[in-house]
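Colleague: Let's go through the labels on this model. I want the cut-off behind each one.

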Amino acid sequence: MEFKYDAFISYRHIQPDAFVAGSLHKILEAYKPPKSIFKGKNPEEIKRTKIKKVFRDEEELPLTSNLSDTIGYALENSEYLIAICSPRFGESLWCRKEVDTFIKLHGKEKVLTVLVEGEPSDSFPEELLYREVEITKPDGTTEIVKEPMEPLAANARGNSDKERVKLLKNESLRLMAPMFGVNFDDLKQRHREQKLRRTI
């Protein structure tokens with residue numbers, strides 16, 4: 001399936017969440033991955049060579065019971081959802097609805113998170129803290145149980161906006177690795193080498 005957006009950023013329109021969302025948006029769209037990361041890969045293995053378009057709604061949504069047409073369309077046409085998480089995220093009906101809608105459309109494995117404040121247990125949407133697995137009981141019957149899990153998360157818990165941006169510049173590679181279909185450690189290493197070459 002062809003997607004219009006590489007990612008959809010879901011966040012609260014309050015600080016520092018909104019600041020992190022805006023900063024991450026710029027970092028993702030400006031990032032040029034090291035060419036060496038794609039060497040030796042077949043063309044069909046390469047998911048993308050650049051993050052071209054990220055959806056971030058800059059307007060506070062009106063308090064109606066339905067997601068707006070624009071948001072619904074963007075969620076359906078985004079390959080990944082990036083949730084900017086803090087204890088405030090779960091308090092928002094809209095943020096929970098965006099996550100829920102995206103999971104129904106594309107699955108939990110396409111949801112990435114950025115932790116801005118708090119701990120995962122009080123900042124991540126509940127749906128992202130477990131996976132449903134089918135177990136077979138001794139009598140042969142099956143049952144769906146919830147198994148704890150933690151989504152892939154980037155850490156942006158700084159004490160100031162300056163600190164958060166500094167953290168994001170490195171931590172955003174965690175989010176980009178699955179988007180490029182490459183290993184995080186490999187991307188981090190090659191990114192470091194690229195940076196060093198530029199400095200030299």
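Modeller: Start with Arg88, in the loop between S3 and helix H3 (93-106). Helices (H or I, at least four residues) and strands (E, at least two) are DSSP runs, numbered from the N terminus. This is a predicted model: local features need pLDDT of at least 70, side-chain atom pairs count only at pLDDT 80 or more, and totals for chains, interfaces and linings use all residues. Residues are numbered from 1 along each chain as its sequence is written, and side-chain values use heavy atoms, without hydrogens and water.

Colleague: Why does Arg88 count as buried?

Modeller: Buried means under 20% relative accessible area, exposed over 50%, partly exposed in between (1.4 Å probe, protein chains only). Arg88 has 17% relative accessibility, so Arg88 counts as buried.

Colleague: What makes the rings of Tyr5 and Phe55 an edge-to-face pair?

Modeller: Rings of Phe, Tyr and Trp (its six-membered ring) pair if their centres lie within 6.5 Å; planes under 30 degrees apart are stacked, over 60 edge-to-face, the rest tilted. Here the centres are 5.4 Å apart and the planes at 70°, so the pair is edge-to-face. Tyr5 lies in strand S1 and Phe55 in strand S2 (residues 54-56), so the pair ties together parts 50 residues apart in sequence.

Colleague: And what makes Phe8 and Phe55 stacked?

Modeller: Their planes are 20° apart, with 5.1 Å centre to centre. Ring pairs link Tyr5, Phe8 and Phe55 into a cluster.

Colleague: How do you know that Phe8 is buried?

Modeller: Phe8 has 0% relative accessibility, so Phe8 counts as buried. Phe55 is buried too, at 10%.
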